[in-house]
Amino acid sequence: MSVRTKVLGLVDVMMRVPPVMVIDEILKIGMGLPTRLYPEKAPEVKPSESPPESKDPLASIKEFFGLGGDGISQMTSSAAEKAQSALEQTIENASRSAQSNGMLSSGFNSLMDELSHDETLANVLSITTVKFVICLFGFLSAACIFMLWTRHLVMVYMFLTSLGLTFLSYWSNVSALALMERSPSILEDLMSLNTTRLLDSGGVVMSLAPHLMAQWFMGMLFAYIHLGPRFELLQKSMPIIFASPILVAMLPLPPKVVQHLPVVAGFTPIILTKITLMHSAMEASRTVYNGYQYAMNFVSNFGLSALIENEWQRLNVPNVLRVFWTIRIIQGGYALATTESEEPLELMPATQKLLVDGCETLTAVLGMTGVISMICHYIGRGFQWYLLTYDNDEEKSLGTVSAVLFYILALQTGLTSLSPDKRFIRLCRNLCLLMTALLHFLHNIVSPILMSLSAARNPSRKRHVRALSVCAFLVVMPVSLLYYLWSQRSISTWLLAVTAFSVEVIVKVLVSLATYTLFLLDARRQFFWEKLDDYLYYVRAFGNSVEFCFGILLFINGAWILVFESGGAIRAIMMCIHAYFNIWCEARAGWSVFMKRRSAVHKISSLPEATPAQLQAFDDVCAICYQEMYSAKITRCRHFFHGVCLRKWLYVQDRCPLCHEIMMYTDKAEESAQEAEPAAAAQAEQPLRIYPRDDGNNAGAPRRSPERVPVENPEMATTSSSAAAVIGTEAASTIMDSVAAAAEARSMATVSSSSTQRISASGSSDSSYISASAQPPPPTATSAAAVATAAASNTTHMFRMSQDQQ
C-alpha cells in the first residue's frame, strides 16, 4: 500500500469521526428524554463561601447572541424545577389513587382527566417532545452523513465550512467594531500621520491587524470552497467583502450604520450558501434514494450479511471508532489536566475516570470495543509469531472474536446504564472474563500445532519448546488468576463463571498435552499400535465430558443471575443460544459418537479373527491405512483389514471399502453360511487365490469400482478419494489383464512390503489415528504396489457383484 493511499484512508477516517461524535453527544443526553438513572451528588458549600461558578467556554458567544445570562439561566432552572416537582406530584397522586381505589376506579379516572388538563405537565411534555424530535433528526442526519460516499462527504464538509466561515466572520467583525468604538478615529490618525498612536503595541491598529488578516484569509477560503455560483468578479472581491466592515468603520459614520455593517457584509455569503442549499436539496434526496436502491439490489443479489460486510469495509468502521474513542479519551484527559484543583492529579483515579467516561454511551462502548479488538489482535499476532505460524483468516482472528465478545458482555450487563462506581467494577469484571476467553483462543492456536509436531518424523526441537512453553503459560496464568481472585474476593456468580472458564482452559491444555504425548509415542513405535485409538477416545471423552459439565454449570449460574440479580432480554437470548449450541448440540453429538462407536465395536467383535497362517498367506498391507497387518479381521467378502481401521470405516457405512458388499452377516447370510460351513472352514485355511470367471459378457464391459474413502474420526467422519479403486478399475479392463496384474502386484508387494512408510495421525481430528493425513500416501513404487495388490486381489469380487446386480 502506497503512502498516498494511506494518507487518503486516514483523511476519510477523520472525516467520518465528527458524525460519530454528534451521535455520541445525542446519546449522552438521552435523546432529549428526561432520565434520572443515578443522581450526582452536589458539591458541599460552606456558609462562608459562595457556590462555585461554572466556567462555560462559550459564555461570551451565548451572551452575544442572547442565549446566556444569569437571569435566563435562573429562570430556566426555576421553571424546570417547578415543572419537575409538579410532574412528580401528579404521578405520586396517581399512584396513590391506583393503589387505594384500583386502576378502574372513578377517582383514578378523574385524576387522569385533571392530569390531561394540567398546563404545567402539557408544557413539560411539549418541550420534551420537541427536544426528542430535534435529537432524532440530528441522530438520523449524522448517521446519513456518516454513511455517505467520500465524494459526497467532502461536499457536505465544504458546505458546512462555508457556513461556519460566514458566522465566524460575523463574530470577528463585531469584536473588531467593538474595539474601534472605544478608541479614537483611525482615519484621523492616518490623515495626521500620528505614528505614535498608530505604531503603539497596545493601540487599536495593532489590535485590529489580526482581525483584518483573519477576514482576508476567510474571504479567500470561502471563495475557494463555496459551492454556489462562481462569478469571476465576485470571487475576486470576496476577501474585500469579508473585511469591508472594518475598512468602512474607519470612516466617520453614524454608530447605527456602523452597527449594521457586519450584517451587510454577511449578506453576500449567506445568499450564496442559500442558493447552494436550494440547488443541493434535490441532489441530496436523489443521493439518499439511490443509496436505498443500491442497498435493496445488493441485498436481493447477495444477501443482507454481504451488504453489511461490504459497507463495514467501505466505511472503515473499526478505525473510525478507534479514532473517535481516542479523541474522546484525549479530550477527557485534557479536561482533567486543566482542572484547577488544590490536590495533585493522581494516576489511578484519573485512569478510572477516563475508563468510566469511555463506556458512557453505546458509541463509546463501540469505540472501546475497537481499541480492545486491536489490542487482542496484536496479542494473537505475537503468539503466532512466537509459535512460528501465521493465519490471515480475519473471521477467526483473535481481534474479531474478542470484539464481539466484549460488546455482547457490555450489552448483557447493561454497562451504559450503571452509575460510575458500579460501571467501573462491571467493566473490570468484563475484562477479566475477556481475558479468560483469550486463553481459550490461544489454546485453539497452539493445539493444532502440538498435534502436527507430534506427527512429524524429524521435527525442530525449537518449535516443540515454544509450543510447550505456551501450554505452560496457559496452565500457570489461570491458576494464578484463580488464586488471586479467591483470596481477594468473596464468592459470587461472577467468580464462579471465571472459575469455570479457567478450569476449562486447564483441562483443555492437559487433554492436548496427553494427546500430544500419545502421538509422540506412536510415532516412535516400530509396529502398528491398535490401542492408540481407544486411548485417544478415552482422553478426549474425559475432556469433552468436563466441558459439558461446566456448560451446564454456567447455564445454571446464568439462570440464577437472570432471575435474582440482573435480568434482561439480551441475557435471556444469550442463555438460549448457550443452551442450544453448548449443551443440546454437544450432548447430541457426543451421544451419536458413543452409539456409533458402540455399534462398530459390536459389529467388529462378530467378525472372525485372522490366523497367523492366513496373514502369512495374505502377505499384504491394510487397504485402509497402508500399514502391515500383524492382526486382522476377515469380512464376509473375504477381505482383510485392521480391526481399528474397520471400526472407523463402520462409523460411515457398513459396506466393504473395496468391493462395497455388506460386511456384516445378516440372518439369511447366516442360514446359507451354516450350509456351507465345512467348505468355508476349509477355504479359510488355504491362501487366497484369485481365479477370474470366464464370462464373455463381463469381460466386454468391466464395471468401475467406486472410489474407496479413508475414514477419519467419529466426530469428523468424512470421505476422500483413494487410488485403490482407480487401479482396480484399470485392472478389470479384461479378465486376462487382471490375472497378470494380480501376479505382478503380488510379486511387487513381496519385495516392498518391508519398506512401506507409516502415516502418523495429526491433531486436527478429535479421536482418530488416521484422520490427520487427509491425503493418500505419496505415489512411490511401494505404495503403488500395495494399492495394486489390494485392487487386483479383489477383481473377482467386483465382477461377481456386477453380475448379481444385473
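Q: Helices are taken here as DSSP runs (H or I) of at least four residues, numbered from the N terminus; in which helix is the place of Pro-612?
A: In this predicted model, Pro-612 belongs to helix 23, which covers residues 612-618. The C-alpha atom of Pro-612 is separated by 9.4 Å from that of Ala-632, 20 residues apart from Pro-612 along the chain.

Q: Why is Pro-612 called exposed?
A: The relative accessible area of Pro-612 is 67%, and a residue counts as exposed when this value is over 50%, so Pro-612 is classed as exposed.

Q: Which residues of helix 22 and helix 24 meet each other?
A: Arg-597, Ala-600, Val-601, Lys-603 and Ile-604 from helix 22 meet Gly-643, Leu-646, Arg-647 and Leu-650 from helix 24. Sorted by class, this contact has five nonpolar residues, one polar and three charged.

Q: How do you know that helix 24 is mostly covered?
A: Eight of the eight residues of helix 24 are buried, where buried means a relative accessible area under 20%. These residues are Gly-643, Val-644, Cys-645, Leu-646, Arg-647, Lys-648, Trp-649 and Leu-650, and they pack against helix 21 (532-565), helix 22, strand 1 and strand 2 (640-641).

Q: Why are helix 18 and helix 20 called roughly parallel?
A: The axes of helix 18 (residues 420-455) and helix 20 (residues 493-523) come within 10 Å and cross at roughly 5°; since angles under 35 degrees count as roughly parallel, that description applies to this pair. The contact of helix 18 with helix 20 divides into 16 nonpolar, eight polar and three charged residues.

Q: How do you know that Cys-428 is too far from the closest cysteine sulfur for a bond?
A: The closest cysteine sulfur to that of Cys-428 belongs to Cys-432 and lies 9.3 Å away, whereas a disulfide requires the two sulfur atoms to be within 2.5 Å, so this pair is too far for a bond. By this rule the count of disulfides is zero.

Q: What makes the phi values of Asn-316 and Asp-619 worth a remark?
A: Most residues other than glycine have a negative phi. Asn-316, although not a glycine, has a positive phi of about 55°, and Asp-619, also a residue other than glycine, has a positive phi near 50°. Asn-316 is in the loop between helix 13 (304-315) and helix 14 (317-337), while Asp-619 is in the loop between helix 23 and strand 1 (633-634).

Q: Why do Asn-316 and Asp-619 count as partly exposed?
A: Relative accessibility is 25% for Asn-316 and 35% for Asp-619; both residues are therefore partly exposed, as that class lies between 20% and 50%.

Conventions:
Residues are numbered from 1 along each chain as its sequence is written. This is a predicted model: local features need pLDDT of at least 70, side-chain atom pairs count only at pLDDT 80 or more; totals for chains, interfaces and linings use all residues. Side-chain values use heavy atoms; hydrogens and water are left out. Contact means heavy atoms within 4.5 Å. Helices (H or I, at least four residues) and strands (E, at least two) are DSSP runs, numbered from the N terminus. Ala, Val, Leu, Ile, Met, Phe, Trp, Tyr, Cys and Pro count as nonpolar, Asp, Glu, Lys and Arg as charged, and the others, Gly among them, as polar. Buried means under 20% relative accessible area, exposed over 50%, partly exposed in between (1.4 Å probe, protein chains only). Axes are lines fitted to C-alpha atoms, for helices over the stretch in contact, and angles run from 0 to 180 degrees between N-to-C directions. Angles under 35 degrees count as roughly parallel, over 145 as roughly antiparallel, 65 to 115 as roughly perpendicular and the rest as oblique.
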